[in-house]
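Below is a note for a colleague who is new to this structure.

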Amino acid sequence: MAHALSLGRRGMGQTWPNPAVGCVIVQGARVVGRGWTQPGGRPHAETEALAQAGEAARGATAYVTLEPCAHHGATPPCAEALIEAGVARVVAPFSDSDPRVSGRGFEMLRAAGIAVTTGVGAELAERDHAGFLHRLQTGRPQVTLKLATSFDGRIATATGESQWITGPAARAWVHAARGRSDAVMVGAGTARADDPALTVRGLGARRQPVRVVISRLLDLPLMGQLARTAREVPVWVCHGPDAPAETRAAWEGLGAKLLPCRLAGRQLDPVSVIEALGAEGLTRVFCEGGGALAATLLGAGLVDELVGFTAGLTLGAEGRPGLGALGVDALSEAPRFELVETRPVGPDVLHIWRKG
């Protein structure tokens, strides 16, 4: 199961709206087939592993990181494929909570005389499938907020200089994290100030994450990197009902996808924004700022994971803070997370926190 989970991780960021599943088929003590969900969500992991195993799948055990699907979609059910291949046993962590499956895959297997074992590797599988499961349960993708700051929590000097607070190793880690995500998200202020590409670089050919910008009025540079490359790598802009019609037309003409969202006062309602992304099928969103967007998401309780990089330099009170105002008057009101990992990455320190 550990091997199957490692295979499934190869599909992270590539398979949405489908989960990134891994499958290993074992005959005796020999692995005869391996597979993982392919870019775009198909072929599924079981199909890939069965194709590799061929006749060796008959009488074998299949280790799958999620319940095999039981419904006819773009492809036949994986449970049916396992039955036709003649596997003797299927091992999985837990049921797929997708209402189209939800135990039916296991029922099909058992009805065909195949032994089913569940609960194996459940904790790790739950972590790997967290975005997919979160979207099924809440309608929203899992949101990871990344902040790279100085030791005293600043993201730039008073003049706005920020490149680079952290070192090359931290930046490489961030590119890998983007690659494991369905989308990279920034606020309009970051898009205007930094003119970011928000692509994954240095990891070879791969499906790029969707680039999401939150901009109520669509007041974004029409000659920036995002605008120029919107037909090559998807750009989605979440905007308000009061965005000018001519600006909407301009961005659509450039190839961007526009997602209208509700207002909460004079700002976009953050819940409406994240729900709109979930409705489009996204399961894992990697937010890279800026400070106002980060504070809004934290204040609304929409951040599921914090990723922090702390550099060994100090910028002082005149530096720009990593977060905008949260309106916290008492410690009991502050968003709290549980530490799950900390380690050095080059000269910087990585720390990862998850919602308790």
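1. The lining of the second largest pocket divides into 13 nonpolar, eight polar and 13 charged residues. Here Ala, Val, Leu, Ile, Met, Phe, Trp, Tyr, Cys and Pro count as nonpolar, Asp, Glu, Lys and Arg as charged, and the others, Gly among them, as polar. A pocket, on a 1 Å grid over the protein atoms alone, is an open set of points with protein on both sides within 12 Å along at least five of seven lines, and a lining residue has an atom within 4 Å of a point.

2. On the source: this is a predicted model, in which local features need pLDDT of at least 70 and side-chain atom pairs count only at pLDDT 80 or more, while totals for chains, interfaces and linings use all residues. Residues are numbered from 1 along each chain as its sequence is written, and side-chain values use heavy atoms, with hydrogens and water left out.

3. The second largest pocket has a volume of about 1,000 Å³. A volume is the space filled by probe spheres set on the grid points, which are joined across faces, edges and corners. Of the 34 residues lining this pocket, Arg-127, Ala-130, Gln-142, Glu-305 and Arg-354 lie nearest its centre. Helix H5 (122–128) is among the elements that supply at least two residues, and the largest share of the lining, five residues, comes from H5. Other contributors of at least two residues include helix H6 (130–138), strand S17 (337–345) and strand S18 (348–355). Helices (H or I, at least four residues) and strands (E, at least two) are DSSP runs, numbered from the N terminus.

4. The largest pocket has a volume of about 1,500 Å³. It is lined by 50 residues, and Thr-190, Asp-194, Glu-288, Gly-289 and Gly-290 are the closest to its centre. Among the elements that give two or more residues to this lining are strand S6 (142–149), helix H7 (168–179), helix H8 (188–194) and helix H12 (291–299). H8 gives the most, with six residues. By class, the lining of the largest pocket holds 24 nonpolar, 15 polar and 11 charged residues.

5. The structure holds three cavities of 30 Å³ or more, a cavity being a set of points where a 1.4 Å probe fits but cannot get out. The largest cavity contains about 100 Å³ of space. Its lining has 14 residues, with Asn-18, Pro-19, Ala-20, Thr-283 and Arg-284 the closest to its centre. These lining residues divide into five nonpolar, six polar and three charged.

6. The second largest cavity contains about 50 Å³ of space. Residues that line this cavity include Ala-191, Asp-195, Val-213, Leu-220 and Trp-251. Helix H9 (residues 225–228) gives the most to the lining, with three residues. Seven of the lining residues are nonpolar, two polar and one charged.

7. For the protein overall, there are 12 helices and 18 strands. Along the principal axes, the C-alpha atoms fill a box of roughly 70 × 45 × 40 Å. Buried residues make up 49% of the 356, where buried means under 20% relative accessible area, exposed over 50% and partly exposed in between (1.4 Å probe, protein chains only). Of the contacts (heavy atoms within 4.5 Å) with a separation of 6 or more, 71% join residues 24 or more positions apart.

8. Leaving out residues up to four places away in sequence, His-239 touches several others, including Ser-215, Arg-248, Leu-258, Cys-261 and Leu-268.

9. Glu-80 lies in helix H3 (residues 78–85) and counts as partly exposed, at 27% relative accessibility. Beyond its neighbours within four places in sequence, Glu-80 is in contact with His-72 and Met-108.

10. Ala-81 and Thr-47 are 34 residues apart in sequence, and their C-alpha atoms are 7.2 Å apart in space.
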